[in-house]
Amino acid sequence: MAQPKIELDGLLAFPLTPFTEGLELNLDAFAENVESHVAAGAGALFVACGTGEFSSLSPEEHAAILRKAREVVSGRVPVWVGAGGGAASARAGIAAAEAGGADGVLLLPPYLVTGPPSGLVDHVRYAVGDSSIPVIVYHRSTGVFTPNSAVELLDIPSVVGLKDGFGDVELMSRIITTIRSVDTDRAREFLFFNGLPTAEVSARAYAAVGVARYSSAVHCFAPEIAARFHRALAENDDAVMEALLAGFYLPLVALRDEGQGFAVSLVKAAARLRGDKVGSVRPPLVEPTADQIARLEKIVDDGFAVLKSVGTGA
């Protein structure tokens with residue numbers, strides 16, 4: 001059965017998963033987190049994904065997060081959810097997402113092992129099974145596709161897009177061109193996303209090859225900055241983008257690169273600085289040092305200073 005056309009426009013937000021001091025799931029804080037994303041103008045929410053520490057969650061926690069997100073959002077924006085792991089876990093996750101009423105699934109790469117391109121396509125096919133929920137495949141790590149294997153995803157009706165977290169713009173350009181050259185409605189409507197950490201840094205390069213959609217981790221703690229950059233990208237306002245990149249995003253990335261897993265840990269730390277009750281990260285992720293948090297606070301302050309200088313652009 002053909003999928004209806006999927007619209008995922010605007011800023012795509014990936015809410016954090018809050019934990020208590022004992023690292024238990026904090027659903028009340030999660031509800032506040034979700035509401036803040038919607039109030040800040042997120043076009044869609046992707047819960048329990050990479051930024052939401054998918055790999056650390058139990059199936060019961062995963063289901064509770066989806067349930068709470070749908071309750072809070074109440075249909076105002078689409079709610080997508082992560083699934084992944086080994087083949088059976090990915091299949092169970094997609095089935096649970098469909099049963100839980102999610103609007104779609106972000107299918108994360110296979111756990112630990114990989115295979116040839118044909119095996120990756122078979123992994124997606126097995127994970128999807130007979131479900132009809134829309135699925136976006138995350139292209140990264142153990143799940144990197146070739147142009148030819150990416151085209152084979154068109155044969156899986158539930159798969160509606162590919163999100164790139166691998167970071168090879170040339171490969172992504174070849175994948176896009178190969179899929180579009182199929183010249184069918186399905187190929188023309190297939191969606192592509194920039195899923196690199198701190199995606200704003202690479203946003204212009206990806207937009208140039210036809211990947212304008214991206215997910216913004218910055219929306220978790222500075223949605224005003226994220227929204228301003230997103231507007232500047234849509235308007236090809238290089239002056240604003242360069243000001244925000246130089247004054248905020250590049251220093252943030254430099255700090256992020258100091259620690260493994262900081263693409264999540266720093267975001268949680270920045271959200272705490274803003275006053276959000278998100279708690280700390282679950283292991284094996286680690287928290288930034290006091291010095292790193294102090295530098296993070298300055299980077300965020302500098303970002304808001306740049307935002308003030310460039311104006312809202314509204």
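Is Tyr 138 buried or exposed? Tyr 138 counts as buried, at 8% relative accessibility. The close-ups below come from a predicted model.

**View 1. The pair that UniProt lists as "active site".** The annotation comes from an unreviewed UniProt entry and names Tyr 138 and Lys 163. These two are spread over 26 residues of sequence, yet they cluster in space, with a largest C-alpha distance of 4.8 Å. From this set, Tyr 138 is part of the lining of the largest cavity.

**View 2. Lys 163 in strand β6.** Here we're looking at strand β6, residues 159–164, where Lys 163 is found. With a relative accessible area of 5%, Lys 163 is buried too. Its contacts, again not counting residues up to four places away in sequence, include Ile 136, Val 137, Tyr 138 and His 139. Also on the list are Phe 14, Leu 106, Phe 193, Asn 194, Gly 195 and Ser 215.

**View 3. Helices α10 and α12 packed against each other.** Helix α10 spans residues 238–256 and helix α12 spans residues 290–310. Their axes lie 9 Å apart, at an angle of about 175°; that's over 145 degrees, so the two helices are roughly antiparallel. On the α10 side, the contact is made by Val 240, Ala 243, Leu 244, Gly 247, Phe 248, Pro 251, Leu 252 and Leu 255. On the α12 side, look for residues including Arg 295, Leu 296, Ile 299, Asp 302, Val 306 and Val 310. Sorted by type, the contact residues come out as 13 nonpolar, three polar and two charged.

**View 4. Ala 63 in helix α2.** Ala 63 belongs to helix α2, residues 59–73. With a relative accessible area of 34%, Ala 63 is partly exposed. Ile 176 makes a handy reference point: 113 residues separate it from Ala 63 along the chain, and their C-alpha atoms are 33 Å apart.

Terms used. Residues are numbered from 1 along each chain as its sequence is written. This is a predicted model: local features need pLDDT of at least 70, side-chain atom pairs count only at pLDDT 80 or more; totals for chains, interfaces and linings use all residues. Side-chain values use heavy atoms; hydrogens and water are left out. Axes are lines fitted to C-alpha atoms, for helices over the stretch in contact, and angles run from 0 to 180 degrees between N-to-C directions. Helices (H or I, at least four residues) and strands (E, at least two) are DSSP runs, numbered from the N terminus. Angles under 35 degrees count as roughly parallel, over 145 as roughly antiparallel, 65 to 115 as roughly perpendicular and the rest as oblique. Contact means heavy atoms within 4.5 Å. Ala, Val, Leu, Ile, Met, Phe, Trp, Tyr, Cys and Pro count as nonpolar, Asp, Glu, Lys and Arg as charged, and the others, Gly among them, as polar. UniProt positions are given in the numbering used here, feature names are shortened, and annotations may be inferred rather than shown by experiment. On a 1 Å grid over the protein atoms alone, a cavity is a set of points where a 1.4 Å probe fits but cannot get out, and a pocket is an open set with protein on both sides within 12 Å along at least five of seven lines; lining residues have an atom within 4 Å of a point. Buried means under 20% relative accessible area, exposed over 50%, partly exposed in between (1.4 Å probe, protein chains only).
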